[in-house]
Amino acid sequence: MPPDPAEAGLRVSRNEVPGVPTEMFTVHRGGAGGAKEIVYCGFGTRGAVAAKFAAYWTKSHAGAAPAWVPEDVPLEELVRYDVVAEGTPFQQAVWAALRKVGAGETTTYGALAAAAGRPAAARAVGSAMNRNPVSYFIPCHRVVRQGGGAAAWAYGWGCEVKRQLLTAEGVTQASLDARHGGAKRTRLPASESEAPASGALVQKRKRKK
């Protein structure tokens with residue numbers, strides 16, 4: 001039997017990111033010492049995000065995901081919550097580096113690999129992006145392939161959502177193509193959006209099966 005949602009302490013907030021038509025759903029809970037934590041985030045319909053969350057929770061926690069209890073929290077408050085994500089030490093290093101990439105900036109897989117101490121591990125960075133459960137708060141939409149092009153828009157929640165997020169932050173296809181000829185992080189024109197990275201990243205080792 002799935003755990004009681006009230007006991008699990010999981011809440012879901014429906015939010016609109018400024019300038020982004022697609023809705024965002026964030027799963028959050030109370031943490032140790034009164035802290036508040038984000039454990040999952042996704043874009044799309046409530047049903048689509050719920051299905052992906054259930055698959056993620058079942059795989060990472062070896063048990064059925066509890067039902068959601070709706071509790072909307074303003075986005076400006078959510079960005080101050082701690083972010084919880086389980087991963088290997090390398091994935092944690094990649095996510096920590098990515099949290100430093102603000103709105104209006106983009107980076108490449110190669111640059112993140114170097115920042116995490118493994119310059120030749122760009123492919124492993126891609127794997128870390130795929131395993132990121134809190135996509136907006138560890139902003140993998142700001143990671144693009146070196147050289148730009150259509151592949152720059154690849155994203156776990158769909159290329160259109162990534163396009164919406166980056167466009168809202170002042171990033172265009174032309175600016176990506178012009179500025180990402182190398183693996184160096186490029187600052188693009190600032191927008192009204194703020195980097196969702198003021199809460200702490202709570203690092204947790206990946207569970208052993």
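Visitor: Over the ring of which residue does the charged end of Lys52 sit?
Guide: This is a predicted model, in which local features need pLDDT of at least 70 and side-chain atom pairs count only at pLDDT 80 or more, while totals for chains, interfaces and linings use all residues. Residues are numbered from 1 along each chain as its sequence is written, and side-chain values use heavy atoms, with hydrogens and water left out. A charge counts as sitting over a ring if NZ of Lys or CZ of Arg is within 6 Å of the ring centre and within 35 degrees of the ring normal. At 4.3 Å from the ring centre, the charged end of Lys52 sits over Trp157.

Visitor: Which residues are linked with Trp157 into a cluster by ring pairs?
Guide: Rings of Phe, Tyr and Trp (its six-membered ring) pair if their centres lie within 6.5 Å; planes under 30 degrees apart are stacked, those over 60 edge-to-face and the rest tilted. The structure holds seven aromatic pairs. Ring pairs join Trp157 in a cluster with Tyr40, Phe53, Tyr56, Trp57 and Trp68.

Visitor: What is the angle between the planes of Phe43 and Tyr136?
Guide: A pair of aromatic rings is described by the distance of the centres and the angle of the planes. The centres of Phe43 and Tyr136 are 6.5 Å apart, and the pair is edge-to-face, with an angle between the planes of 75°.

Visitor: How many residues apart are Phe43 and Tyr136?
Guide: Helices (H or I, at least four residues) and strands (E, at least two) are DSSP runs, numbered from the N terminus. Phe43 lies in strand E3, whereas Tyr136 lies in the loop between helix H6 (122-130) and strand E7 (143-144). The pair thus links distant parts of the chain, and its members are separated by 93 residues.

Visitor: Which residue in E5 stands opposite Ile38?
Guide: Two strands pair if DSSP finds at least two bridges between them. Strand E3 (residues 36-43) and E5 run parallel and are joined by two bridges. Opposite Ile38 in this arrangement stands Val83.

Visitor: Is Cys41 buried or exposed?
Guide: Buried means under 20% relative accessible area, exposed over 50%, and partly exposed in between (1.4 Å probe, protein chains only). Cys41 has a relative accessible area of 1%, so Cys41 is buried.

Visitor: How many disulfides does a search of the whole structure find?
Guide: A disulfide is a pair of cysteine sulfur atoms within 2.5 Å. The search of the whole structure returns a count of zero.
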